[in-house]
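Reader: I would like to learn how to read a structural model feature by feature, with the general idea given before the particular case. Could we go through one together?

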Amino acid sequence: MFASVIFGIYNWIKANLWAFALSITAAILSIISNRSGVGWSWDSTDYVAVGTNFANGRGLLDVTGLPMTVRPPGLSVLIAAGISVGLSANLFLLLLNATCAFIVVIFTFALLQRALNNRVILIVATAFVAFSPALLWQYSMAWSEPPFLAVLLIAMFISRQKMSYTKAALMPLLMAALFFIRYVGPVFAVALTISSLFINRKQLGLIRSAVINSAGFAISFIPCWLWLIRNKRIDGTLTGARAPGGGSLIDPLKTLTGTLGTWVLAKPFEGGIYMSWLDYPATAKFAGSLVVIIIVTLTLIIGVKKLKVARQNENNSDVLLVCVAVVISYICFSAYRFVHWELGPLDNRMMIPIYVPMIVLIAIAVERTITNQKHIRLIISAGFIALFGLHLVSVTKDALEFGNDGRHWSGKGFQELPIHEFVKTLPAKSLILSNQPQQLFSISKRPPVFNQYQLDAAQKRRCGHRYFVWYNTLYNDGTPNTESMPQGATSIFSDSWGTIFDLGTCRDDINFYWP
């Protein structure tokens, strides 16, 4: 059995050597971009802290020692598994992201192979995914996006298969996994279920297909619902505290056009939760608007006519259906969520789940609409070659830059600040508090990091000595919490970034410094 599997994999690699090579290249680019450490942001600290706490038997606790509700536990459990077998969080994340990059390219190829007849378009479309700056920006961070993308591509591939015991067993597991990696998972689960329903109707009949696929979705949502009930019991919310952005649906959709423009120009743009369409470069706005106009024009003029031809190819239409369902459902959900639920702009990171499906749709459209006139085909080919060259140069440049300097809180400029070099010299058994726990945890890597409002928890914590790192500023020009500075504590380090206070031994009453 094992030998036959190995032989089958060998034969597949031999038959599709170029696709395997592109997948390996994507993984290598990911490793290069993380060689100075996987990038950390605010989100990353929670993922790693929860994973570290879980691996050490303390439960699913965040940086400040509170039960995690604002993020699902999937990535953290994976990190905990890595720590349990002796890997550091950084090394595990480096390997995980490289593996995800490999999987994304392989399953992109698998989808394209079933949708396209033109081998050149197949290779070019797969290469655009392998050498994507937008995707590299995810692989170079300690975020949930890389494993989410890998699971999503696998689920998309399986959803278009004929119904079998294997598919019936795998789809609920994959849909549940999407939720436990990112809370938006059910949006994709619904799109996959509806797609699978229509794909399997020819095999099972519409009613039977609806019953079986709906049952799979219902089963997948049982553990998700149990997790949401757990969150509700902890802090009264289903997915943690959220604040809507307000306004009209036009605003987030305009931001999406800017994101599309950055994808075309190979210059990803991520500007934080308050970013809007106005913050994008003019070139990105123009390119994104042009993409939207071209898509709408092609759909209205030649789309319907040409898609009739696609119906002759069952594999083509199945892949087309899955990708359209994923793209449209997530765009609609993301715009509505921004206005009514959560202030999350439709930037590169937020919209990255539709990147590969859009590449697949563009490849199908190019194949089905390409003209027979040789000179026009040459112009289109030259355009794609130039665009691919731009992506290749950009992704190589980004990988080398991230690898040399690190990203965000893993960057050398941040890690090597004098205040952080001093923090690293503090005794290992000491308890460190801060007015910015997440930022400090990216340096100390030791949870919990309590804030100035958790004095009771700090008092109960067993340790040797207590210190407080008070930040005057945040990385990337943020505004720190500057209320309730400790009073009467001895300053042992101070510069423009902040001050480190000695709060005495852990036997002392910490409330003395907050009269």
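Reader: Is histidine 408 buried, partly exposed or exposed?

Author: Before anything else, please keep in mind that this is a predicted model. The general idea is to look at the relative accessible area of a residue, where a value under 20% counts as buried and a value over 50% as exposed. Histidine 408 has a relative accessible area of 30%, so it is partly exposed. Its place is in the loop between helix H17 (374-405) and helix H18 (412-415), and its phi is near 50°, which is a positive value in a residue other than glycine.

Reader: Which value does phi take in lysine 445, and where does lysine 445 lie?

Author: Phi of lysine 445 is near 60°, again a positive value in a residue that is not glycine, and lysine 445 belongs to the loop between H20 and H21. With a relative accessible area of 40%, lysine 445 is partly exposed. The loop between helix H20 (437-444) and helix H21 (455-460) also holds proline 448, and the peptide bond that joins proline 447 and proline 448 is cis, with omega at about -5°.

Reader: Let us turn to helices. What span does helix H5 reach from its first C-alpha to its last?

Author: One way to read a helix is to set its span beside the one expected for its number of residues. Helix H5, made up of the 27 residues 89-115, reaches 38 Å, which is close to the 39 Å expected at 1.5 Å a residue.

Reader: How many of the residues of H5 are buried?

Author: Of its 27 residues, 19 are buried, and H5 is therefore largely enclosed by the rest of the structure.

Reader: At roughly what angle do the axes of H5 and helix H8 cross?

Author: For a pair of helices, one reads how near the axes come, the angle between them, and the handedness of the crossing. The axes of H5 and helix H8 (residues 145-159) come within 8 Å and cross at roughly 25°. Since an angle under 35 degrees counts as roughly parallel, H5 and H8 are therefore described as roughly parallel to each other. The crossing in which H5 passes H8 is left-handed. Among the residues of H5 that take part in the meeting are Leu96, Cys100, Phe107 and Arg114, while those of H8 include Pro146, Leu149, Leu153 and Phe157.

Reader: How far apart in space are aspartate 318 and arginine 114, C-alpha to C-alpha?

Author: The idea here is to compare separation along the chain with separation in space. Aspartate 318 and arginine 114 are 204 residues apart in sequence and 8.9 Å apart in space, taken from C-alpha to C-alpha. Aspartate 318 is part of helix H14 (residues 314-340), and with a relative accessible area of 7% it is buried. Setting aside residues up to four places away in sequence, aspartate 318 touches Arg160 and Ile199.

Reader: Which residues is arginine 349 in contact with, leaving aside its neighbours within four places in sequence?

Author: Arginine 349 is in contact with Asp43, Gln138, Trp143, Glu145 and Glu270. Arginine 349 is found in helix H15 (residues 348-351), and it is buried, with a relative accessible area of 16%.

Reader: Finally, what is the order of the strands in the open sheet?

Author: Strands of a sheet pair through backbone hydrogen bonds, and they do so either parallel or antiparallel. Here an open sheet of 4 strands has the order S1-S2-S4-S3, and its pairing is mixed. S1 and strand S3 (490-494) are the edge strands, each of which pairs on one side only. Neighbouring strands of this sheet are turned against each other by 25° on average, with direction ignored. H20 packs on the sheet, where it touches S1 and S2, and its direction makes about 145° with that of S1.

Author: Within the sheet, strand S1 (residues 431-434) and S2 run parallel and are joined by 4 bridges, with leucine 433 standing opposite phenylalanine 468 in S2. S2 and strand S4 (residues 498-505) run antiparallel and are joined by 6 bridges, with histidine 465 opposite threonine 505 in S4.

Reader: Which residues point one way from S2, and which the other way?

Author: In a regular strand the side chains alternate between the two faces of the sheet. His465, Tyr467, Val469 and Tyr471 point one way from S2, whereas Arg466, Phe468 and Trp470 point the other way. Because 7 of the 7 residues of strand S2 (residues 465-471) are buried, S2 is largely enclosed by the rest of the structure.

Definitions and conventions
Residues are numbered from 1 along each chain as its sequence is written. This is a predicted model: local features need pLDDT of at least 70, side-chain atom pairs count only at pLDDT 80 or more; totals for chains, interfaces and linings use all residues. Side-chain values use heavy atoms; hydrogens and water are left out. Helices (H or I, at least four residues) and strands (E, at least two) are DSSP runs, numbered from the N terminus. The expected span of a helix is 1.5 Å times one less than its number of residues. Buried means under 20% relative accessible area, exposed over 50%, partly exposed in between (1.4 Å probe, protein chains only). Two strands pair if DSSP finds at least two bridges between them. Contact means heavy atoms within 4.5 Å. Axes are lines fitted to C-alpha atoms, for helices over the stretch in contact, and angles run from 0 to 180 degrees between N-to-C directions. Angles under 35 degrees count as roughly parallel, over 145 as roughly antiparallel, 65 to 115 as roughly perpendicular and the rest as oblique. A crossing is left-handed if the near helix is turned anticlockwise from the far one by less than a right angle, and right-handed if clockwise.
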